[in-house]
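Here is a short briefing on one model. Look over the sequence and the structure first, then read the points below.

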Amino acid sequence: RIRKNNHELENAKQVFRENGTATFSDLKFSSGTFPNLVRLKFRVSIELVHNNQKITKIIESLPTQPFISMTNTGSQWKDAAGAWLKEECFRDNYEITIARLWNYFQKHFLLATKQELNNVKRPLFLKDFEYLIQAKFK
């Protein structure tokens, strides 16, 4: 069973295959998590028989990497991308070097512009970073 703040998600129940795996290919939030980052945990209840005694145990996964579930509106995208960049850059830190910030920013720019990391068509250049410093940090 998968829960979001104690609410069921659509298509959250799956049957295990013989090899012990289950696939959640159509998992849906009933509403977006925007603008909050969320992590999923997977939980399964199992029954064991030990010395003719049934024992029920719950096994829970580690949390997933953070993500944002948003509705299909363009206005949420920039705020969601900003929240994701902030999470990736800072996590538990209050400050990072400017070089690290630019590396994360470059990576997010490439993903946002749907460029493949091994086939970059238009990277950010030093002049782009200089513009950002002038426009946003001074």
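**Briefing: helices, core and hairpin**

L85 touches Y104, F105 and H108 (contact means heavy atoms within 4.5 Å), not counting residues up to four places away in sequence. This is a predicted model: local features need pLDDT of at least 70, side-chain atom pairs count only at pLDDT 80 or more, and totals for chains, interfaces and linings use all residues. Residues are numbered from 1 along each chain as its sequence is written, and side-chain values use heavy atoms, with hydrogens and water left out.

**Nonpolar core**

- L85 also belongs to the largest nonpolar core, which has 8 residues: L85, C89, L101, W102, Y104, L124, F129 and L132.
- Such a core is a set of buried Ala, Val, Leu, Ile, Met, Phe, Trp, Tyr and Cys residues joined through side-chain atoms within 4.5 Å.
- Buried means under 20% relative accessible area, exposed over 50%, and partly exposed in between (1.4 Å probe, protein chains only).
- Helices α1 (74-90), α2 (98-112) and α3 (126-136) each supply at least two residues of this core.
- Helix α2 gives the most, with 3 residues.
- Helices (H or I, at least four residues) and strands (E, at least two) are DSSP runs, numbered from the N terminus.
- In soluble globular proteins, nonpolar side chains tend to be buried together.

- D128, F129 and L132 are buried in α3.
- These residues lie on the same side of α3 because they cover an arc of only 95 degrees around the axis.
- The arc is that of the directions from the helix axis to the C-beta atoms.
- L126, K127, Y131 and Q134 are exposed on the other side of α3.
- Helix α2 is included in what covers the buried residues of α3.

**P123 in the loop**

- P123 sits in the loop between α2 and α3.
- Its relative accessible area is 25%, so P123 is partly exposed.
- P123 touches Q106, F109, L110 and D128, not counting residues up to four places away in sequence.
- P123 and L110 are 13 residues apart in sequence, and 7.0 Å apart in space, C-alpha to C-alpha.

- Strand β3 (residues 43-50) pairs with β4 in the antiparallel sense over 8 bridges.
- Two strands pair if DSSP finds at least two bridges between them.
- V44 has I59 in β4 as its bridge partner.
- The hairpin has 2 residues between the strands, and N51 takes a positive phi near 55 degrees.
- Strand β4 (residues 53-60) is hardly covered: among its 8 residues, the count of buried residues is 0.
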